[in-house]
Amino acid sequence: MVLGIESSCDETGAGIVSGGRLLAHVVASSMDEHARFGGVVPEIAARAHLQSFDPVVREALDRAGLGMREIDAVAVTTGPGLSGALQVGLAGAKALAFAADVPLYGVHHLAGHVAADTLEHGPLPDPCVVLIVSGGHTSLLLVRDLVRDPILHLGDTVDDAAGECFDKVARVFGLPYPGGPAIDRAARAGDGHAVAFPRPLTGPRDAPYAFSFSGLKTAAARWAERHRLRGEPIPLADGAASLQEAVADVLTRKALAACREYDVRTLVVVGGVAANSRVRALAEERCAAAGVELRVPPLTLCTDNGAMIAAVGDLLVRAGADPARPDVSIDPSAPLEYAALHPTAHRPAGPGAPSGARVTAARSAS
């Protein structure tokens with residue numbers, strides 16, 4: 001029985017997983033508190049985690065019909081994310097693990113998104129191509145054994161992530177935060193081919209698996225500005241649908257190209273933007289045409305949640321991985337190399353040594 005804790009941004013999540021089976025899943029979001037600012041405010045997020053941590057954990061235990069005495073391990077997000085938010089989750093997870101006298105595992109947030117799919121569709125095929133699309137991350141990965149092998153990055157975003165593009169363009173369009181769901185709703189009545197928005201980094205000389213959405217964001221903003229300067233109403237539905245089509249086209253085009261190059265027959269799409277209706281639909285169309293199996297978690301597991309962290313913890317326990325040391329810390333900007341993330345902060349001995357140097361020791365899942 002593994003209890004997972006997620007607190008990297010504006011959702012406080014707790015989930016319980018045993019043997020790959022999801023037993024409970026509870027999320028408290030502070031999104032409404034951030035909406036009036038047009039984005040996440042770190043201090044508000046950290047305070048919301050403090051208020052929500054205990055109730056969310058208690059509800060997860062109640063839904064699973066368990067007490068802390070029946071929990072065998074605790075897993076927690078140790079990075080990347082907002083520093084204060086991560087600290088709240090880690091402090092709470094350490095307290096629970098210490099009180100229950102069970103091991104604690106640090107988990108990389110993005111590995112959690114990958115593992116979320118296993119809760120719906122079972123073990124990941126070895127290998128598989130994984131497309132992570134969220135507010136802060138857009139990455140194309142080659143994944144073998146998620147908790148034993150290093151994760152190979154085929155390409156990452158060089159500027160704005162897909163979700164960040166949605167958020168920023170939504171603001172220009174006058175839509176509420178968060179932008180992704182707002183764009184998706186507005187696009188339902190629009191024509192995805194009405195506006196010829198660019199497809200960034202899709203030329204023959206571009207990096208084949210890198211992503212860039214900053215130029216697309218700018219193109220959409222200028223399109224909206226032209227209408228305003230002419231005193232015309234913005235064709236909001238067509239603009240939203242066309243933006244969504246451009247993002248979905250780039251994401252799925254590169255993901256299927258990676259599947260072909262690496263002879264992989266399964267594409268896994270995860271992260272908050274995986275909940276976007278057009279991304280899902282176009283991925284289904286193109287995977288079916290290419291004979292590639294598509295796996296996407298349920299909508300409730302696409303956004304940040306504790307179940308995905310518990311899923312990684314469950315895999316680490318079953319793989320015999322070493323738990324984190326008592327002085328495990330956080331790494332707000334940790335790159336995704338391994339599923340386990342056990343950074344520690346220490347003061348090296350010796351004159352002139354810098355204080356607070358970070359040592360990452362997360363590669364023990366063998």
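Buried here means under 20% relative accessible area, exposed over 50%, and partly exposed in between (1.4 Å probe, protein chains only). Everything below comes from a predicted model, where local features need pLDDT of at least 70, side-chain atom pairs count only at pLDDT 80 or more, and totals for chains, interfaces and linings use all residues. Residues are numbered from 1 along each chain as its sequence is written, and side-chain values use heavy atoms, with hydrogens and water left out.

View 1. Cys-128 is buried, at 0% relative accessibility. Cys-128 takes part in no disulfide (a pair of cysteine sulfur atoms within 2.5 Å). Its nearest cysteine sulfur belongs to Cys-259 and sits 9.0 Å away. Cys-9, with 22% relative accessibility, counts as partly exposed. For Cys-9 the closest cysteine sulfur is in Cys-302, and at 16 Å that is too far for a bond. Searching the whole structure turns up zero disulfides.

**View 2. The largest nonpolar core.** A nonpolar core is a set of buried Ala, Val, Leu, Ile, Met, Phe, Trp, Tyr and Cys residues joined through side-chain atoms within 4.5 Å. The largest one has 49 residues, and Leu-131, Leu-140, Phe-213, Leu-243, Leu-251 and Leu-267 touch the most other members. Elements that each supply at least two residues include strand E6 (128–133), strand E7 (138–143), helix H6 (162–173), helix H9 (236–261) and helix H10 (277–290). Helices (H or I, at least four residues) and strands (E, at least two) are DSSP runs, numbered from the N terminus. H9 gives the largest share of this core, twelve residues. Apart from this core lies another, of 36 residues, with Ala-115, Leu-119, Met-308 and Leu-316 among them.

**View 3. Around Leu-131.** Zoom in on Leu-131, and set aside its neighbours within four places in sequence. Its contacts (heavy atoms within 4.5 Å) then include Leu-140, Phe-211, Leu-251, Ala-255 and Leu-267. Ser-139, Val-268, Val-269 and Val-270 are also in contact with Leu-131.

**View 4. H6 against H8.** The axes of these two helices come within 9 Å and cross at roughly 5 degrees. That makes H6 roughly parallel to H8 (angles under 35 degrees; over 145 would be roughly antiparallel, 65 to 115 roughly perpendicular and the rest oblique). Axes are lines fitted to C-alpha atoms, for helices over the stretch in contact, and angles run from 0 to 180 degrees between N-to-C directions. On the H6 side you'll find Cys-165, Lys-168, Val-169, Val-172 and Phe-173, which meet H8 residues including Leu-216, Ala-220, Trp-223 and Arg-228. By class, this contact has nine nonpolar, no polar and three charged residues. Ala, Val, Leu, Ile, Met, Phe, Trp, Tyr, Cys and Pro count as nonpolar, Asp, Glu, Lys and Arg as charged, and the others, Gly among them, as polar.

**View 5. His-227 in H8.** His-227 is found in helix H8 and is buried, with a relative accessible area of 10%. Not counting residues up to four places away in sequence, His-227 touches Glu-232, Pro-233, Ile-234 and Pro-235.

View 6. Seven of the nine residues of H7 are buried, so H7 is largely enclosed by the rest of the structure. Those buried residues are Gly-179, Gly-180, Ala-182, Ile-183, Asp-184, Ala-186 and Ala-187, and what covers them includes H6, H9 and H10. In the loop between H6 and H7 lies Pro-178, joined to Tyr-177 by a cis peptide bond with omega about 0 degrees. The C-alpha of Pro-178 is separated by 7.4 Å from that of Gly-39, although the two are 139 residues apart along the chain. Gly-39 itself is buried, at 16% relative accessible area, and sits in the loop between helix H1 (31–35) and helix H2 (42–64).

**View 7. Gly-313 in H12.** Helix H12 (residues 306–318) holds Gly-313, which is buried at 0% relative accessible area. Gly-313 and Gly-4 are 309 residues apart in sequence, yet 7.1 Å apart in space, C-alpha to C-alpha. Beyond residues up to four places away in sequence, Gly-313 touches Val-2, Ala-75 and Val-107.

**View 8. Two aspartates with positive phi.** Asp-101 is not a glycine but has a positive phi of about 55 degrees; this residue is exposed, with a relative accessible area of 70%. Asp-263, in the loop between H9 and E9, also has a positive phi of about 55 degrees and counts as exposed at 59% relative accessibility.
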